[in-house]
Amino acid sequence: MEMSMGHSGKNINEYRTLMQIKDLHFSYTEGEEILKGLNFAIDERTTAIIGQNGAGKTTFVKLLKGLLRPTEGAVEFDGKDIRDITVAQLARHIGMVFQNPNDQIFKNRVLDEVMFGPLKIGMGEAAAREKSLEALELVGLSGHEDKNPYDLGLSSRKLVAIASIVAMDPKVIIFDEPTIAQDYYGKERIKSVIRKLRSEGVTVITIIHDMDFVADVFERVIVFAKGGVLLDGSAKEVFADETILKEAYLEQPNVTRLCQSLGYEEVFLNAGEFVAYQREKQNLITN
Ligand SMILES: Nc1ncnc2c1ncn2[C@@H]1O[C@H](COP(=O)(O)OP(=O)(O)OP(=O)(O)O)[C@@H](O)[C@H]1O
């Protein structure tokens, strides 16, 4: 099911398209299809892919990154089938931040770690340094360039991992479960990084189980189930649909569920939205 409008009210045709998913099928073993013919476009919107364990989310993002090859159909980047682009070339355009930063970080100096990717994709030393310093600033780690990443807490180490992908200047960044092992402040920092990336024109896609985080940051939500797309729309459209979410074994964000239980017809994604609504109502009564 494809909704026609984004939550900003923009028609989906007005968003800049970066990737096309065309009749995408994938099986690890013959006869056991994991993805059964996906068709949609990835555009500039921050996009969360949700679905129960085993729904095929990780498989899908591996296909986007060219780490797996479709058994049928295609993934296109900038109008080209990614089969015709080498994984190394694709790495310049599509970055992926792993769930556990310890799987990604191996240098013993933050700046060297962040510069590694840009240098590997052929950026000159000066450009790589400049991009890395910018990326560290974006994630709030300026001043930590000379530290050992393993002397930083897990939350900051995750930010180093994010910076090392941002520094490669990709057009698309895929996050795998960005909120795992993050405390409140870590989550807030990652939210602000995602918003900044969006404002700088980078498309952010995530696989995630944390619905409250999705409700706060992501514009578009795609629900995967049984090898297909069950629902694709704005966060508000998707989280309003309790029945479809139940079918996919997913929960609504806490505030959305609470307000629906209290009988509100409006859909609230987070406490901030609900408070703003109440304040406006209060003002209408007092004025
Ligand atoms: N390398 C593999 N070989 C064979 N089967 C696999 C492989 N990787 C995943 N699968 C199977 O493919 C299906 C989809 O897995 P996938 O990891 O893509 O789901 P997911 O939605 O990302 O799940 P989760 O939320 O648990 O990460 C599962 O049934 C899984 O067991």
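The secondary structure of the protein chain comprises eleven helices and ten strands, where helices (H or I, at least four residues) and strands (E, at least two) are DSSP runs numbered from the N terminus. The radius of gyration of the protein chain is 20 Å, close to the 19 Å that the globule rule gives for 287 residues, so the chain is as compact as a globular protein of that length. The radius of gyration is taken over C-alpha atoms, and the globule rule is 2.2 Å times the number of residues to the power 0.38. Along the principal axes, the C-alpha atoms fill a box of roughly 60 × 50 × 30 Å.

The structure is a predicted model, in which local features need pLDDT of at least 70 and side-chain atom pairs count only at pLDDT 80 or more, while totals for chains, interfaces and linings use all residues. Residues are numbered from 1 along each chain as its sequence is written. The model has an ipTM of 0.97 and a pTM of 0.91. The mean pLDDT (the predictor's confidence in each residue, from 0 to 100) of the protein chain is 91, and 95% of its residues reach 70 or more. Among the elements, β3 has the highest mean pLDDT (98) and helix α11 (residues 271-286) the lowest (86). The pLDDT is below 50 over residues 1-6, a stretch that has 17 contacts in the model beyond near neighbours in sequence. Where pLDDT is low, the predicted coordinates should not be read in detail.

Of the 287 residues in the protein chain, 40% are buried. A residue counts as buried if 20 or more other C-beta atoms lie within 10 Å of its own, as exposed if 12 or fewer do, and as partly exposed in between, with C-beta atoms placed from the backbone. Two residues are in contact if their C-beta atoms, placed in that way, lie within 7 Å. Among contacts between residues at least 6 apart in sequence, 65% join residues at least 24 apart.

Strand β9 (residues 220-225) is mostly covered, with five of its six residues buried. Strands pair if DSSP finds at least two bridges between them. Four bridges join β9 to strand β3 (residues 47-50) in parallel, and Ile50 stands opposite Val223 in β9. Strand β10 (residues 228-234) runs antiparallel to β9 and is joined to it by six bridges; here Ile222 stands opposite Asp232. The hairpin of β9 and β10 has two residues between the strands, and Lys226 in this hairpin takes a positive phi near 50°.

Most residues other than glycine have a negative phi. Glu177 has a positive phi, near 45°, and is found in the loop between β7 (172-176) and α6 (184-199). Glu177 is partly exposed, with 19 other C-beta atoms within 10 Å. Tyr249 also has a positive phi, of about 60°, and lies in the loop between α9 (242-247) and α10 (254-261). Tyr249 counts as exposed, because it has 11 C-beta neighbours inside 10 Å.
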